[in-house]
Each structure stands twice: as C-alpha cells, then as structure tokens.
Amino acid sequence: MRREVPLFITFISGILLVIALFIPHKPFGNLEQRFNDWYIIVSGFTMILGIDSLLLHHWNNFKRKREGWIYSIALMLAFFITLIWGFYSGIKVGSPFKPNASFLKYFYTFVFVPLQATMFSLLAFFIASAAYRAFRARTFDATLLLTAAALVMLGRVPEGNRASVYLFGIALLIAAIVLLLEAKERVSTFEKLLHYLGAAVAIVLIYVQYRILPSYLPQIADWIMNIPQLAAKRGIFIGIALGGIAMSLRIILGIERTYLK
Amino acid sequence: MNFWERLGKIDRRIIYLVVFLGVIIPILLKVTFRVEPMREVKQAYEEVEKLPPGSAVMISIDYDASSMPELQPMLVAILEHCFKKDLKVIMLGHWPLGLPLGQIALDKVAKKYGKVYGKDYVFLGFRPGVAAVMINLGKEIRQVFNSDYKGTPIDSLPIMQNIHNYNDIGILIGLEAGSTGDMWVQFAQARYNAKIILGATAVVAPDLYPYLQANQIVGLIGGLRGAADYESLVHVLGPAYLGMPAQTTIHVLVVILIILGNLGYFATRRKK
Amino acid sequence: MANVIWTWIAAGLTLAIFSFLYKDNPFYKLAEHIYVGSSAAFWFIYLWYFDVKPKLVDAWLQNTGFEKYILIVPAILAVLMLTRFIPTISWLSRWAIAFTVGMGAGLGITGALQGFLVPQLQATLLPIWVNVSDKFTVNLGYSLNNFILVVGTIATIFYFYFSKEHRGGLGYASKVGITFIMIAFGASFGYTVMARISLLIGRLFFLLHDWLHLV
Amino acid sequence: MTALSTVLLFLIVQFPAPPQNVRAYDTPNDAGNSITVTWDLSPDDSVVSRYEIYRSKGEPSIDSAVVVGSVLRGSTQFEDNSVENNVHYYYFVRAWVDTLYADSKWSAAAYAKPQWFHTGRKSALVILIFFGILLFYYLQKAKQGAELYIRRIAGLEAVDEAVGRSTEMGRPILFILGLGFVSDIPTLAALAILKRVSKKAAEYESEVIVPCYDPVVMTAAQEVVKEGYMEAGRPDLYNERNIYYLTADQFGYAAGVDGIMVREKPGAVFLQGLFYAESLILAETGHSIGAIQISGTTAVTQLPFFIAATDYTLIGEEMYAASAYLSKDPLSLSTIKAEDVAKMVFVALFVLGVVLETLAVITGNQSFHFLKNWFALF
C-alpha cells in the first residue's frame, strides 16, 4: 500500500496530462490548467511546512545559543513583523497589495525591493571576477569562448567598437609574442612551424581587425548570437527535450522512483 | 611570484573594487557620450513637447521591481518632462506590485517642481481586469475609478473636472514589461483613437515596433538605451544617460582583466 | 520626513548587502537574516492573497456543482501534505508528492514535445541554397549561415550521444559540437554583462542620488 | 500627416468599402464554444481604424445582432469565444473610418462543437509513439540481459571524489537544489544525484546540508536523503533538520545560501537543478570558500556561468542521464539507449529536411516543403 498507491497516483496524473495534450474535448482540454491550479493550492499549504522548518531551525539556534543565535532572533522578528504587517494591511484596506496599503508602500518599497535589487546587483561584481578567472586561453575551445565573449560584450555598448580595436590589437600582439616564445621550446619541426604560422596569423589579424571592427563590430556580435550561438542552443535544447521525455517516462512507468522510497 | 605571474592571481576584492570604481566614477564625474537619440524616442519626446500647457497625460505603470533598472529611469524622465511643461499627470497601473514604484517617482518629481496633488497630478491606482479597465476608460473614467488610491472621490479633485475619457487626455504613456502594451493599442487606440506612447524593456520593445510602423503609437522608448535617449532630450542626468559611459567602462575593464589574466597564465605556464 | 527615514533604511540595507563583497560580517548577517525572514513571510502572504484565496476559497464560494466539489481533491492533497506534522501517518504525504511528481512528469513530456522538440526541429529544416531575391543566384551569406546553423545543431546533438564511446567519426563530430557549445557559452556570457551592470548602476544611482543627493 | 489627409479626402468623397468574403466556421481543435470568423480586408484598409464583428443568433437579422469584438486594421480573423455549442450563428464585419462605417454581407451559418482529437498535434503524437516503441524495445532488451554501455561523464565521475575530499577536510557537504519545484524534471534529476551524494556521505559519516527554496522539494529531499542513509546502513546519522526551508524568494534564497557557505565552509558544493540569475552569485561564493563545486542544470542561459565558476558542469541532458549513470540500473540505461537512437533519427530527419528544402529552392517546386509543413504547429 505505502509504495503502490503513490506509484499509481504518479502514473495516473502523468498519463492523463499526456493524453490531454491530444484531446481538446472536455474534461481533457483544461486539465493542464486544472492540475496547475491544484498544484498551486497544494504548494500553498505546504508553505506551512516550510515556515515551520525555517522557524524551528532558528528557534533551536536561539534556544541552544548556537553561534549567531542573535541573528536567528532577527530573522524570527523580521518574519513575524512582516507577517503581521501584511495581514494587518490586508484587513485595513482589503489587500496588502493595494497602493495605499502601508505594507506595499513602506515594507515592500523600502525593505524588500532594496534587498532584492542589491542582491541581484552583486552579479555585476561576480560576472567580472568569473570572467577574469575562467577566461584563460588554455585550449583552442577556451580561446574561442573568451573571444566570443569579448566580441559580444564590446559589440553591445556605445563606443565599444572603438575600444575594441586597441584591446584586440594588444591581445593579438600578446598572442603572437607568446607563440614565438613557445616556438623556441618545441622540439619537433612541425610544432615549431605551427607556432610560427600561428604568430603570423595573429599579426595579420591585427591588421584585419583594425580594418573591420570599428564599423562592423555590432554586426559581428549579432552574427555570433544569431548563428553559432543559436545552433548550439538548439542542439542542447533537443537533447534536453529528449532527455526530459525519457526521464518523465521513467517516472511515469515507475522505473525511476528516487523520490518515493 | 614575479609581476607577470601575479597578474594571473589578482584578488577578487581588487576586481570588485575596480568594477565599483568603474561604475561610480563616470557617474560622479557626469561623463556623457554624445549619442544621437534614436528616432522613435525623439518622436515620443516631440509629441509630448507639442502638447499645450495644462493638457493631461495619462501614465500607466505596467511593470514591477524586476524591470526597475530599465523602466524607472524612463518614468522619471517622462515625469520631469511633463511637469517642466506644466502638463497634468494622471497615473494608474496594471501591475499591483509596481504601483509603489510609480507613486514614489511621481511624488518626488512633483515635489521638485512644486506641484500640488489633486490639482496638477493624481494617482488613481489599480483596478483588476486589464481589458475591461482600458475599454471603460474610453467611456468614462468614473466608471472605473470613482475615487483615487486613497479613496478620495475624483469629482472632488480639481484636476479631474473636465476629464472624462481618452478624448480629454493629450497622450497616454504606457511603461511595459509584458504584453499590456499590445492591449493599450488594441483597446485604447483602435477603439477610441487615443494617442499612445509606449516605453518598454529591451525584451519587449521589438514586439512593439510594428505598432510604430503602422502609426498606431506615436513613439517608442526601448530599453536602457531608450531611457538614456529620453533623459538626454529632457536634459535630466538620470541613471540611464549617466550609466551608458559606465557600461562601456566596465565592458572595457572586463576585457582588460581577461587580457591580464591570460598574461599571468602564460607567464606561469612558461615557468613550468 | 517618513520617506527620508525609510530611504536611510533602504540605503543601510543596500550597503549591508554590498559589504559581503569584502567578507562576511555582522552587517551582512543582519541584512541576510532580515531578508530571509521577511521574504519568507512576504511570499506566504502573497501566496495567500494571489493563489490560495482566489483558487480555493473564492473558487469554492463562487462555483457550483462539479466545479465546486472537485476542489475537494486539491484540498485533500493539501491535508495529506500536512500529515508530515504527525510522524505516525506522515507517509501519507507521499501521496500528495506523488501527484506533483506525476504532474511534473506529464508536463515534462507535453512541454518537451510541444514547446521544444517540434518547433526546434521545424526551425532547423533550412535550405542551404538561398537565392538572391527571386533570381537563381546563390546568396552566399545566407546559404552559409543556414549551413553553419544546421551543422552546429547536428554536431551538438552528437556531443550528447551517450551510449557509445566518443571515438572515430562520433568523436570528431562531438568535438565540433563542443566547439559550438563553447562559442555559444562565451557569447551568451558576454551578452548578459550589460544587463548585470545596469542593475549595479541602478543601485549605485539610488545611493548617490536618492540617499546622498550627490548626483 | 499623409494618413490624416487621406482620411479627410476620403470623408469628402465616399464611405469606406466594406470587408468582403466573410466566413464563419467552428474553431478547430478546441473544447467547443468558439467560432472563428475570417474576412478579406476592406479595399480601404489603410484608412480603416478597426473592424467590428457582429453576431446574430438563429437568423441573419440586423436587429438581433450584437457586437462580439473588434480588431485592429490589417486583421482578417477573429475568434468568438462566447457562443453556445450546436447553435446556428450568423456574422458580419463592420469597417470603421472615423465616424463612418461599412458593413459586409452576412456569413453563412456556423455552429461550434468540441473536438476529440487535436489534428495540429499529429506530428507530436507520431514522435511520442515512435519514442514509446523505441523505449519498450530497449526495455525488453535490457530485461533479457543485454549489456548497455554509457560514456564517461566527468561531472558524475567526480561526485564520489568530491564527497570523499570534503570528508577528508572534515567539512560538511552542501547540496543546493535551485529554484525548481517537484514538478520540474531537472529537480527530480537533481534529487537522484542527491541520493547518491547522501549515500556516500553516510558511508563516510559526513553531513549533508540541503537548504530549500520550495517546501514540497524540501519534503521530497528529506525522503531522499533519509533513503540514502538507510541504504548505506546508517539511518542513525540522518538528521532531518539539515534539510530545511529558507525562503521562496529568489535572491533571499541566494543571500541565505551565501551565508551558509561562508559560515559552514562546506568542502563540496553541489548546484543541481533549475537555476536562474542567482546561479553565479552562488557559484562565485562557492568558489571563494575553496569548495570543490559540481554544477548541473538544464537552464541554458545559466550554463555559461556554471562552466566559468565551477569545477565540473553537467550540461543539459547530461543531468538527466545522471540517475541512470550513477545507478547503472539496466532499465534506466536502456532508456538512455532509446534516447540516443531517437537522436540519430532526428539527425537523419535534419539531413533529409535540409536536402528537401534546398531542392525546393533550386527547383522552385513547393511540394518539397512537405516535411517542414508536416512539423508546423497550428
């Protein structure tokens, strides 16, 4: 019973939705919407479990005076103040989400939004540090990755095309020097030749980019986004779709039941 | 570790500092780029500019906090323009969580120009049912909003005295983060011939260009760049206009950091 | 006046979050705990007013007949979920989880078929010979673009071939695939930078303008 | 300006020409209660402001006609979703120019009815049936004991190593399930990885911390971790309080998890499931504390950040293969084989489709579009 009933429920709810895709007639036509509504109701109630878990965690921190228990008090206070404020506003003006509700006017605008927006804006710092650390020309593919990133980045901002000429010029010059230096250390003539060739290409590219980038950089950036980027994305999407169908079938058929044991 | 190798191991805090300064210095120094405003933004600006003083402008807040970086500067620039021109502002919105953002901007810019609530501007708030609200506004505003957001009957507000529907409104400006803009065109323009300007996030704007080409809207302000253009036209040094040089600075700095990192990487590799 | 105080609070919270960039510190800890606590309550209230109330309470009051009584099903599922509070019958909550998982699996299939597979397939069936307007002359640019698009998509699919070792022809194809994937990731990374910087500009402008009145 | 002068000119000269050829028919592939009306544009469409659609029930009578909708100029279609099933309706369309209008002729009678099969989804059904057959074929083969190979996936090979290393350092393991719900397939795939991680952790007597964004995911994660500890024979070590809910706010969750990272200093961080913009906030903080990080998601927009900031990344479908890969369960593996065969069929379809489309361009023969058209959704 404990194992079979859940498997059966999973099977039925999954298979019904698949059938509903092909049948517009009632009651299948709006089944997806109905199930979604049900899910929202269920998850709304489950929120009580979540809140219980969060508050208990911090209540224990406080009771056992674990490190940082003082912050646990702050968390619980913040929780209850917000909760009471919200429902008080709701009772007073009908809903806490009306513009004249003090909840929306003060709590949402001056506490919630700043916290959210600031946390979100940390990404500006992290995206820079991640780019610096990870974009190293270790392999051919890695070099393509960082070149594509730099081209698209500069292609999107005003004056980016003018700056790009210097930046790519310097980068290519460095590449040429590195290749020449490393050519000396290679033993096989073929590898040596390859390095010299690479350096020569880099120097030619300095001139080429000097002629092309100032006027065509935004178009180049667009092309990278619209052609190679799109191609890879499509391939990944198709894989995800097939993998998702297989995974879903495994679940519906009860082969995959990690979540139930 | 020599100098070259050290380039590959810059502490992340130094990078954070570089980013921080790269944004804050251009803003503080008020560096600006002379960028020709896009035509559709200029068009929007000129439509507002053409209105005689005392005309009413209706602004709709159809976004919330997640689209704030793009649309809030737009709203502030538009409000500055309206109050500078002594236009009356009627604000409402279709996204309940965005309304406080509209209200804050309205109150602040109004205060700057010494405008009086109820006489020079009014905040109507939100009513559920997007299409129904738009259609009924075309018949009689009082059918939808019999009172403002505080519950004051709008008949007692001098600003609303001769305003009954879209015919009494010079321009309707919608700030859009979703599909509400399409509905403004469909219900306010097509049915009642309301004159509409739309401001939208960079994601939404491309969907609205067809309306501009069909003359169903008289102006379009798209994305941060559009906001920057409007700010420059109104001569407001806002976050979008002042932010553009900061954008370029950071993008260039990130590329420089990548180059430095690679220098460090090659120096370390050669040592090995 | 009230707004000034509130602006100071907002600025204080903003700076407290930024301070995390240097290192973890009491200001960040306080802001973080306030954020977690208050947002947990915020979304609880939100869920009540925008989801549970309209979809269960209001729906129950407004509907009649089938549409009304069918709501007993989600209500029972919700109660089953809450059996986790009582250890002896907490296993009943798996019934409710089973429903959500089954629903997810069903949507996983329909979504993948309709939203991904068919449209993506259709969009990739492209001619690799495109004429210049209506003359029978190849438009090299467009033709090449279509060719790259098709080759890139196919090569990427090969990278995700699991049941064979990546050697020989398959190995070569999957290498081309990974090259495309890397270019895509680089481009997509670069594309996002601008949006992220504008978030920071928004925040710093708040501090400089609304709070400090420097700009 | 030209539009306005045209209108003015127009008003002096004549009324607009009416829309023509109005047709009404049951909206296909729906649950009934809907009739689609189409028409040809008025020849004066360029000055028309809007088209109004009128409906009359039972007989084409102007007296009983009601407006059921209006659309912008240039539109030639309207769906009337307010009709009863199996009742005859007649329609006409009115073109408005300023205050003048012109009416079309009445359409023929139409009535709405629900359909039992969605003909627009034929191609999806064929793909599904084909995939189902493949799956059953390979399931049967697996049951008969056929050997199934799966290629090395570096990110999954590293799972055990990461848990081991974290234990050696005497630090806990942090498993972040992202913003998905239990109804999201990536979250279920992530739970399968969580099970493996918790089993290994139990063997090494390590702690697993799982902060959650969604309470339903939290309950499922508790079940999964408990099961992992049981399988390792150490149910005594399981602590439900290590799997807790934080908040259902995207960045609140990120702030909370960041706090956990810098304070608990986990030796291994798993970022598995659905992620949005917060992905990089989490991954960079994880990197700054020196944890070994294994990420995986199907959110393609976030993959570049995981690739840049974490040690191993499961790209898209690799994540879905995880449960089969880790368990080496023959039934699961057989579904992977079915996926692969399906992929090859799609590649063949691509090649065929590209050849056909190219032929269509070169020969100018439109019938070569049949494959592409077959896949078109409507």
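Trainee: Is Ile212(A) buried, partly exposed or exposed?
Mentor: Buried means under 20% relative accessible area, exposed over 50%, and partly exposed in between (1.4 Å probe, protein chains only). Ile212(A) comes out at 34% relative accessibility. So this residue is partly exposed.

Trainee: And which helix of chain A holds Ile212(A)?
Mentor: First, a caveat: this is a predicted model, where local features need pLDDT of at least 70 and side-chain atom pairs count only at pLDDT 80 or more, while totals for chains, interfaces and linings use all residues. Residues are numbered from 1 along each chain as written, chains are lettered from A and ligands numbered from 1 in the order written, and side-chain values use heavy atoms, leaving out hydrogens and water. Helices (H or I, at least four residues) are DSSP runs numbered from the N terminus, as are strands (E, at least two). Ile212(A) sits in residues 189-226, helix α7.

Trainee: What is the area of the nonpolar surface patch with Ile212(A) in it?
Mentor: Patch residues have over 30% relative accessible area and no salt bridge; nonpolar side chains (Val, Leu, Ile, Met, Phe, Trp, Tyr) are joined within 5 Å, like charges within 9 Å. The areas come from the Shrake-Rupley method with a 1.4 Å probe, and for residues only the protein chains shown count as cover. Members include Phe190(A), Leu197(A), Tyr207(A) and Tyr216(A) besides Ile212(A). The patch covers about 1100 Å².

Trainee: How many salt bridges are there over all chains?
Mentor: The test is a side-chain nitrogen of Lys or Arg within 4 Å of a carboxyl oxygen of Asp or Glu. Searching the whole structure gives 39.

Trainee: Which residue of chain A pairs with Arg269(B) in a salt bridge?
Mentor: The closest N and O atoms of this pair are 2.8 Å apart. Arg269(B) is in helix α11 (residues 239-271) of chain B and its partner is in helix α6 (residues 160-185) of chain A, so the pair joins two chains.

Trainee: Which residues are linked with Glu182(A) in a network of salt bridges?
Mentor: The network takes in Arg269(B) from chain B. From chain A, it also has Arg186(A) and Glu191(A).

Trainee: How many residues apart in sequence are the parts tied together by Lys115(B) and Asp86(B)?
Mentor: Their side chains meet in a salt bridge at 2.5 Å, N to O. Lys115(B) lies in the loop between α5 (99-112) and β3 (121-125), and Asp86(B) in the loop between α4 (68-84) and β2 (88-93), so the pair ties together parts of chain B whose sequence separation is 29 residues.

Trainee: How many disulfides does the structure hold?
Mentor: A disulfide is a covalent bond between the sulfur atoms of two cysteines. The cut-off is a pair of cysteine sulfur atoms within 2.5 Å. Over all chains, the count is 0.

Trainee: What is the helix content of residues 250-268 of chain B?
Mentor: An unreviewed UniProt entry lists this span as a "transmembrane region" (numbered as here, with feature names shortened; annotations may be inferred rather than shown by experiment). Its end C-alpha atoms are 27 Å apart, with 0% strand. The helix content is 100%.
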